Amino acid sequence: APSGKVLLEVKGLAKSFGGLRAVDGCSFTVPEGSITGLIGPNGSGKTTVFNLIGGSMEGDGGEIWLDGRRIDRLPPWSRAHLGLGRTFQTTRLFNEMTALENVVAPLRDFSFGQLRLDGVSGAEAAKAQELLDFVGMGAYRDHPAGQLSYGQQKLVELAQILVLDPRLILLDEPAGGINPTLIERMGSLIRELNADGKTFLLVEHNMPFVLGLCDPIRVLAQGRCLAEGTPQEIQRDPRVVEAYLGD
Ligand code: ADP
């Protein structure tokens, strides 16, 4: 449950691509202990905001604060070590590596280009197994990630993020492209992790999923936070309706 404290604050964030202001003075907060939803029409800047928070892209201006620390000039790995975990819209697992090796990888400062881990220690394997069991993928530990279904890959990716024990987890379309059973499982995993103290910020197009899971919700339009509130408040906000219908 939210503690009343702000865990993440984005202030006046800006990012242009050529003449296009993809993120244009975007400000919002993520309360500690919340499952905060970030929604908005296509092209409203959600992915860019995620990239800026995660550090995979550099902004033109503005500030990002995580638990009272300014992080917008830090490299992505250093944000990860401060407790920021992130998934991508399409999974970024190492296809040739097993599910278990993928979950261990973040513990090893694993870099792209290196295709095998040089043996996994007993403690690492136990931790990874525990996380794979948690997401319901324990039986697939030795399967190459590339042979798993897209939904299964998303679950492995969630386990992979959890291995660094993040405080804030950014999820990019957790319910996107997966079947209803897995959507339900994803929702209950997020709830369970949240009850266990993890804070979430998630981008998602599946409205029933967002409205049933997230509170508060931040609505982006044209690179800014246009509205925010509870799911009930958002649904009856005429500006939100207009932003979605206007495009
Ligand atoms: P959303 O995730 O809400 O759909 P995006 O952040 O992906 O929005 O995109 C915001 C705007 O920025 C869009 O107009 C998009 O076309 C543009 N954009 C995003 N990434 C790039 C890029 N790498 N180069 C040029 N334009 C981009």
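This is a predicted model: local features need pLDDT of at least 70, side-chain atom pairs count only at pLDDT 80 or more; totals for chains, interfaces and linings use all residues.
Residues are numbered from 1 along each chain as its sequence is written.

Let me begin with the overall division. The protein is split into domain 1 (1-83 + 167-247) and domain 2 (92-165), with bounds that come from an automatic or database domain assignment. Their C-alpha centres lie 25 Å apart, and the contact between them takes 9 residues from domain 1 and 8 residues from domain 2, where contact requires that two C-beta atoms, placed from the backbone, lie within 7 Å. On the domain 1 side, helix 6 (residues 180-195) provides the largest share, 3 residues; helices here are DSSP runs of H or I with at least four residues, strands are runs of E with at least two, and both are numbered from the N terminus.

Now to the interior. I call a residue buried if 20 or more other C-beta atoms lie within 10 Å of its own, exposed if 12 or fewer do, and partly exposed in between, with C-beta atoms placed from the backbone. A nonpolar core is then a set of buried Ala, Val, Leu, Ile, Met, Phe, Trp, Tyr and Cys residues joined through C-beta atoms within 7 Å. The largest such core has 64 residues, and those touching the most other members are Ala99, Val103, Leu132, Val156, Ala159, Leu168 and Val219. Helix 5 (residues 150-162) gives the most to this core, 6 residues, and the core draws at least three residues from each of domain 1 and domain 2. If we look at valine 156 and leave aside residues up to four places away in sequence, its contacts are Leu93, Ala99, Asn102, Val103, Met137, Ala145 and Leu148.

Which strand has 5 of its 5 residues buried? That is strand 7, which is therefore largely enclosed by the rest of the structure. Leu168, Leu170 and Asp172 are buried on one side of strand 7, and Ile169 and Leu171 are buried on the other. Strand 7 pairs in the parallel sense with strand 6 (residues 84-86) over 3 bridges, and with strand 8 (residues 199-203) over 5 bridges, again parallel; pairing here means that DSSP finds at least two bridges between two strands. Within these pairs, leucine 84 stands opposite leucine 168, and isoleucine 169 stands opposite phenylalanine 200.

There is also an open sheet of 4 strands, in the order 2-1-4-5, with antiparallel pairing. Strand 2 and strand 5 stand at its edges with a single partner strand each, so one side of each has no neighbour in the sheet. Strand 1 (residues 6-17) is joined to strand 4 by 5 bridges, and glutamate 9 stands opposite tryptophan 65 there.

Turning to the ligand, the residues around it are Phe17, Leu20, Ala22, Gly40, Asn42, Gly43, Ser44, Gly45, Lys46, Thr47 and Thr48, each with its C-beta atom, placed from the backbone, within 6 Å of the molecule. By class, this shell has 3 nonpolar, 7 polar and 1 charged residues. Helix 1 supplies its largest share, 3 residues, and strand 2 (20-31) supplies at least two.

Finally, the backbone. Most residues other than glycine have a negative phi, and most peptide bonds are trans. Aspartate 67, however, has a positive phi of about 50° and sits in the loop between strand 4 (61-66) and strand 5 (69-70); it counts as partly exposed because it has 17 C-beta neighbours inside 10 Å. Aspartate 165 has a positive phi of about 55° in the loop between helix 5 and strand 7, and it counts as exposed because it has 10 such neighbours. The peptide bond from aspartate 215 to proline 216 is cis, with omega near 5°, and proline 216 lies in the loop between helix 7 (207-213) and strand 9 (217-221).

Terms used. Ala, Val, Leu, Ile, Met, Phe, Trp, Tyr, Cys and Pro count as nonpolar, Asp, Glu, Lys and Arg as charged, and the others, Gly among them, as polar.
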